[in-house]
Amino acid sequence: MGYVVPGMKRKKGGTPPDDLLALGREQAERGELAAAEATYRKALAAAPEHLGALCLLGLLLVDRENVDGAIDLLERARMIAPDFPPIQLALGTAYAAAGHDALAIAAMETAIKLDTSSTVPLERLAKYQIRSGRAREAIGLLRRILRRDPAHPQAPFLLAGLTGDHTGTHVDAPPPELIAELFDTYSTSFEQHLTQGLAYTVPQALVALVAPGTDLHVLDLGCGTGLAGVELRPFARTLVGSDLSPRMIVRAGERRIYDELHCEDLVATVARARDVDLIVAADVFIYVGALEPTFAACATALRTGGALAFSVERGETEGVVLRSTLRYAHGDVYIRGLAAAHELVVERAERSVLRIDNGQPVNGELYVLRRP
């Protein structure tokens, strides 16, 4: 949550609630949400008015899509300590998940008024406004963050993306913790949102385009919950997945289709690999930005005849552009130039609608590059 939440008096005997909360947070960070919920409930049973237990369990129930249960717990916490900023902030998160926009904003704004020094409530509301498509409101909040903390690790990137003013801001790649946080938050609803809400079929389209053989050594970069892995497993002798989000990795592991899973930057995964037959990155490079290190690693990892299959959002220019959606677009000239620089042949390039976003098609390109 970004705050230290004070404890309350506990019942005698048993494990202290604060120790249980520490264990629960470790479990949650590893993506073990069911275990974390059980641990938080033990802490709450030992100290029914413990603010930390109420807040952490409430936020975890949001992650587990039990939003009504989360709101009940957090309203209990607010009755105990109405002037404590983390409770208001947690309630804002729960109300946002429930679709109660006005209540979410009111709770987050209350947290901001109660805490005039921390950037945490400002950041939480800014990101909510971004997700809600209210760029102007988000821009104002991001500027307030930078007045409080000019060295904030994420605000300059977010502000540059939303305003289009990249002066003095490094935008070649997003802060890794921003992407990990985004997909950790997204992990429980990721598949349903993509496949039903966004009509997403990029993994199937890439597999059809590359027409893989069998008994292959395959890398699935930015594997998420394993949507591409499901399509790749029938062709793979070994299937290795990689993602920045710990919770996505846990969800992918539950499919039991990967031989290895790594929670790390995709370049780190590729850099260790050799004699790879197929590397797939389905809607991943849109969150990476500049692709020079990625292409260099892939060219080294691929065996002779091996293929790199990926999607990009179609760029309006020849290079790499950070869009106001905070995703990157890549021009065809840029992709072909990188391919030539790393001695990869562009075998296939097809225009495609990657997904439907807010009722509008997101146009992209599917590529298959091969090491000759």
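## Helices α3 and α4

Let's start with a helix pair: the axes of α3 (residues 51-63) and α4 (residues 67-80) come within 8 Å and cross at roughly 155°. That makes α3 roughly antiparallel to α4, a label for angles over 145 degrees, while under 35 counts as roughly parallel, 65 to 115 as roughly perpendicular and the rest as oblique. The axes here are lines fitted to C-alpha atoms, for helices over the stretch in contact, with angles running from 0 to 180 degrees between N-to-C directions. Helices (H or I, at least four residues) and strands (E, at least two) are DSSP runs, numbered from the N terminus. Keep in mind that this is a predicted model, where local features need pLDDT of at least 70 and side-chain atom pairs count only at pLDDT 80 or more, while totals for chains, interfaces and linings use all residues. Residues are numbered from 1 along each chain as its sequence is written, and side-chain values use heavy atoms, leaving out hydrogens and water.

The crossing of α3 past α4 is left-handed, meaning the near helix is turned anticlockwise from the far one by less than a right angle (clockwise would be right-handed). On the α3 side, the contact is made by L51, L54, C55, L57, G58, L61 and V62, and α4 brings V67, G69, A70, L73, L74, R76, A77 and I80. Contact means heavy atoms within 4.5 Å. Sorted by class, these residues are twelve nonpolar, two polar and one charged. For that sorting, Ala, Val, Leu, Ile, Met, Phe, Trp, Tyr, Cys and Pro count as nonpolar, Asp, Glu, Lys and Arg as charged, and the others, Gly among them, as polar.

In the loop between α3 and α4 you'll find E65. E65 has a positive phi of about 65° although it is not a glycine. With a relative accessible area of 51%, E65 is exposed; the cut-offs are over 50% for exposed, under 20% for buried and partly exposed in between (1.4 Å probe, protein chains only).

Further along, E75 sits in α4 itself and is partly exposed at 22%. The E75 side chain makes a polar contact with the side chain of R78 at 2.9 Å. A polar contact is a pair of N or O atoms within 3.5 Å; within protein, one must be able to donate a hydrogen and the other to accept it, and residues adjacent in sequence count only if both atoms are side-chain atoms. Leaving out residues up to four places away in sequence, E75 touches L91 and Y95. Q88 belongs to α5 (residues 85-97) and is buried, at 4% relative accessibility.

## Helices α7, α8 and α9

Next comes α8, which packs with two helices. The axes of α7 (residues 120-131) and α8 come within 8 Å and cross at roughly 155°. That makes α7 roughly antiparallel to α8, and the crossing is left-handed. L122, E123, L125, A126, Q129 and I130 of α7 meet E137, A138, L141, L142, R144, I145 and R148 of α8.

With α9 (residues 155-163), α8 (residues 135-148) packs at an angle of about 150°, the axes being 10 Å apart. This crossing is left-handed too. Here A135, A138, I139, L142, R143, I145 and L146 of α8 make contact with A155, P156, L158, L159, L162 and T163 of α9. By class, that gives eleven nonpolar, one polar and one charged.

## Two loop residues

S245 lies in the loop between β2 (236-243) and α14 (246-253). Is S245 buried or exposed? At 0% relative accessibility, S245 is buried. Its side chain reaches the backbone nitrogen of M248 at 3.1 Å, and S245 touches A180, F183, D184 and C263, again not counting residues up to four places away in sequence.

D275 is in the loop between α15 (266-272) and β4 (276-281). D275 is exposed, with a relative accessible area of 56%. Phi of D275 is near 55°, a positive value in a residue other than glycine.

## F310 in a strand

Strand β5 (residues 302-314) holds F310, which is buried at 0% relative accessible area. Beyond residues up to four places away in sequence, F310 touches L206, A281, F285, F295, I335, E365, L366, Y367 and L369. The C-alpha atoms of F310 and V207 are separated by 9.8 Å, with the two residues 103 apart along the chain.
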